[in-house]
Amino acid sequence: MPKVGIIRCQQTEDLCPGNTDFKVASEGKLAFAESGPVEVIGFVSCGGCPGKKAVARAKLMIERDAEIITFASCMSKGNPIGFPCPHFESIKGAVEKKVGPEVQLITWTH
């Protein structure tokens with residue numbers, strides 16, 4: 001079973017406990033349909049705007065055996081507040097650069 005680290009928006013922590021992220025990951029649904037069920041080995045925030053801690057946190061999860069880094073839908077789609085992260089593209093680009101092409105990135109969860 002692939003191991004996944006999920007990065008979420010710190011601004012949504014008070015509104016979303018992440019239960020849907022965990023559910024779709026364990027069931028292999030929606031963003032995880034291609035990989036099938038996955039084991040979530042880390043669930044961290046970006047560190048708050050502008051998300052500079054996301055890079056170090058992604059690297060740390062890779063060092064702790066994550067094979068896939070996933071950005072929760074709060075970042076890319078704005079769930080549940082309807083406001084996607086205005087820094088998402090730069091965060092995603094910085095994480096891609098740091099973890100390299102061998103690590104799969106998924107840009108949403110549900």
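The buried residues of helix α4 pack against α2 (53-63), β3 (68-71), α3 (73-76) and β4 (104-106). Buried here means under 20% relative accessible area, exposed means over 50%, and partly exposed lies in between, with a 1.4 Å probe and protein chains only. Packing is judged by contact, meaning heavy atoms within 4.5 Å. The model is predicted: local features need pLDDT of at least 70, side-chain atom pairs count only at pLDDT 80 or more, and totals for chains, interfaces and linings use all residues. Residues are numbered from 1 along each chain as its sequence is written, and side-chain values use heavy atoms, with hydrogens and water left out.

Helix α4 covers residues 88-99, twelve residues in number, and spans 16 Å from its first C-alpha to its last, close to the expected 16 Å. That expected span is 1.5 Å times one less than the number of residues. Helices (H or I, at least four residues) and strands (E, at least two) are DSSP runs, numbered from the N terminus. The buried residues of α4 are F88, I91, K92, V95 and V99. Viewed down the axis of α4, these buried residues fall within an arc of 95 degrees, so they line one face of the helix. The arc is that of the directions from the helix axis to the C-beta atoms. An α-helix has 3.6 residues a turn, so residues three or four places apart point the same way. E89 and K97 are exposed on the other side of α4. Just after the helix, G100 has a positive phi of about 85 degrees.

Helix α2 can be read in the same manner. Its buried residues are A54, V55, A58 and M61. They cover an arc of only 130 degrees around the axis, which puts them on the same side of α2. A56 and E63, on the other side of α2, are exposed. The cover over the buried residues of α2 includes β1, β2, β3 and α4. D65 follows α2 and has a positive phi, near 85 degrees.

Now the strands. Strand β1 (residues 3-8) is mostly covered, with five of its six residues buried. β1 pairs with strand β2 (residues 39-45) in the parallel sense over six bridges; two strands count as paired if DSSP finds at least two bridges between them. I6 has F43 in β2 as its bridge partner.

Strand β3 contains I69, which is buried with a relative accessible area of 0%. Leaving out residues up to four places away in sequence, I69 touches G5, I7, A58, M61, I62, V95, V103, Q104, L105 and I106. Two of the residues in that list, A58 and M61, are among the buried residues of α2, and V95 is one of those of α4.

The protein chain as a whole has four helices and four strands, in the order β-α-β-α-β-α-α-β along the sequence. Its radius of gyration is 12 Å, close to the 13 Å that the globule rule gives for 110 residues, so the chain is as compact as a globular protein of that length. The radius is taken over C-alpha atoms, and the rule is 2.2 Å times the number of residues to the power 0.38. Buried residues make up 42% of the 110. Among contacts between residues at least 6 apart in sequence, 70% join residues at least 24 apart.
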